[in-house]
Amino acid sequence: MDSDQANVKSDITSFFASFPKQSFSVGAMILTPDDTGRDVYFLASGRVKMFVYSESGSQVVFHILGPGMYFPLCLLFGSRGSTMYYHQAFSAVVVHRCPAESARAFFQKNPPLVASLCFRLWQGIEGLTRRLETGLTQPVPVQTTRLLVYMVKHFGEKGKNGNSIIRGFTHQEIADWLGTTRETVSLRMEQLKRKRILSYQSGTITVHSLRRLEHLAEAS
């Protein structure tokens with residue numbers, strides 16, 4: 001991160017930190033499409049799952065938000081409507097709640113921060129585009145492999161012997177992210193386990209060779 005990006009991040013964090021703090025436990029619902037509140041949430045720590053429900057009642061995950069992110073973006077762009085998505089605590093979460101009007105005024109007075117906001121929005125659109133392309137052109141086993149690579153890079157922790165640890169993602173949650181069934185994901189995970197690329201237990205995935213996992217994802 002260069003100095004300009006670091007300064008932008010620091011300015012945004014300092015601004016939101018001046019507003020009231022609220023904590024949520026794992027699984028708590030933070031925001032739903034029925035909510036009519038006008039606050040923007042700044043994620044100080046933890047992770048938040050953004051999703052919708054399908055007609056069958058299963059979750060379809062769009063994104064996992066991490067520290068330093070804020071939601072719902074629609075309020076920052078002046079929308080009068082409520083968010084279309086559910087936002088649920090994926091881990092223990094701490095947020096700062098800021099009135100949307102105050103957040104918009106802050107960004108409008110600071111052009112570099114608007115550029116940062118637009119860049120973050122573009123990153124989200126680009127990510128969704130890649131997922132849509134993969135979902136339309138690749139079978140679920142390939143989608144699962146590519147998602148695991150993404151998870152290592154965005155949520156992974158360094159383990160022993162060069163391993164990468166991904167915590168908190170069950171097979172069902174991976175299936176929700178891909179819009180498929182748990183059984184299909186479990187089958188792919190078992191195949192990767194037999195190849196000694198990864199192992200898993202109780203919501204913790206240990207990737208033993210990111211290089212091999214990336215090779216499988218790129219070769220597909």
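In helix 6 (171–178), the buried residues are His171, Ile174, Ala175, Asp176, Trp177 and Leu178; buried means under 20% relative accessible area, exposed over 50%, and partly exposed in between, using a 1.4 Å probe and protein chains only. Because six of its eight residues are buried, helix 6 is largely enclosed by the rest of the structure. Helices here are DSSP runs of H or I with at least four residues, strands are runs of E with at least two, and both are numbered from the N terminus.

This is a predicted model, in which local features need pLDDT of at least 70 and side-chain atom pairs count only at pLDDT 80 or more, while totals for chains, interfaces and linings use all residues. Residues are numbered from 1 along each chain as its sequence is written, and side-chain values use heavy atoms, leaving out hydrogens and water.

What covers helix 6? The elements over its buried residues include strand 5 (59–65), helix 4 (111–137), helix 5, helix 7, strand 11 and strand 12 (204–207).

Helix 6 packs against helix 7 (residues 182–194) at an angle of about 110 degrees, with the axes 8 Å apart. Axes are lines fitted to C-alpha atoms, for helices over the stretch in contact, and angles run from 0 to 180 degrees between N-to-C directions. Helix 6 and helix 7 are therefore roughly perpendicular; angles under 35 degrees count as roughly parallel, over 145 as roughly antiparallel, 65 to 115 as roughly perpendicular and the rest as oblique. The crossing of helix 6 with helix 7 is right-handed, meaning that the near helix is turned clockwise from the far one by less than a right angle, with anticlockwise counting as left-handed. On the helix 6 side, the contact (heavy atoms within 4.5 Å) uses His171, Gln172, Ile174, Ala175 and Leu178, and on the helix 7 side Arg182, Val185, Ser186 and Met189.

Helix 5 (residues 140–155) also meets helix 7: their axes come within 10 Å and cross at roughly 65 degrees. Helix 5 and helix 7 are therefore roughly perpendicular too, and helix 5 passes helix 7 in a right-handed crossing. Here Val140, Pro141, Thr144, Thr145 and Leu148 of helix 5 meet Thr184, Val185, Arg188, Met189 and Leu192 of helix 7.

## Aromatic rings

How many aromatic pairs does a search of the whole structure find? The search finds 18. Rings of Phe, Tyr and Trp (its six-membered ring) pair if their centres lie within 6.5 Å; planes under 30 degrees apart count as stacked, over 60 as edge-to-face and the rest as tilted. Phe90 and Phe169 make a tilted pair, 4.7 Å centre to centre with 45 degrees between the planes. This pair links distant parts of the chain, 79 residues apart: Phe90 is in the loop between strand 7 (86–89) and strand 8 (93–99), and Phe169 is in the loop between strand 10 (164–167) and helix 6. Phe90 and Phe169 are both buried.

Phe169 also forms a tilted pair with Phe155, at 5.5 Å centre to centre and 35 degrees between the planes. Phe155 lies in helix 5, 14 residues from Phe169, and Phe155 is buried as well. Elsewhere, Phe15, Phe16, Phe19, Phe42, Tyr70, Phe106 and Phe107 form one aromatic cluster.

## Charges over rings

Lys49 lies over the face of Phe51, 5.5 Å from the ring centre, and the charged end of Lys193 sits over the ring of Tyr200, 5.1 Å from its centre. A charge sits over a ring if NZ of Lys or CZ of Arg is within 6 Å of the ring centre and within 35 degrees of the ring normal.

## Backbone details

Most residues other than glycine have a negative phi, and most peptide bonds are trans. Asn161 has a positive phi, near 55 degrees; Asn161 lies in the loop between strand 9 (157–158) and strand 10 and is exposed, with a relative accessible area of 78%. Arg196 also has a positive phi, near 65 degrees. Arg196 sits in the loop between helix 7 and strand 11 (198–201), is exposed at 68% relative accessibility, and touches His208 and Arg212, not counting residues up to four places away in sequence.

A cis peptide bond joins Phe71 and Pro72, with omega about -5 degrees. Pro72 is in the loop between strand 6 (70–71) and helix 2 (73–76).
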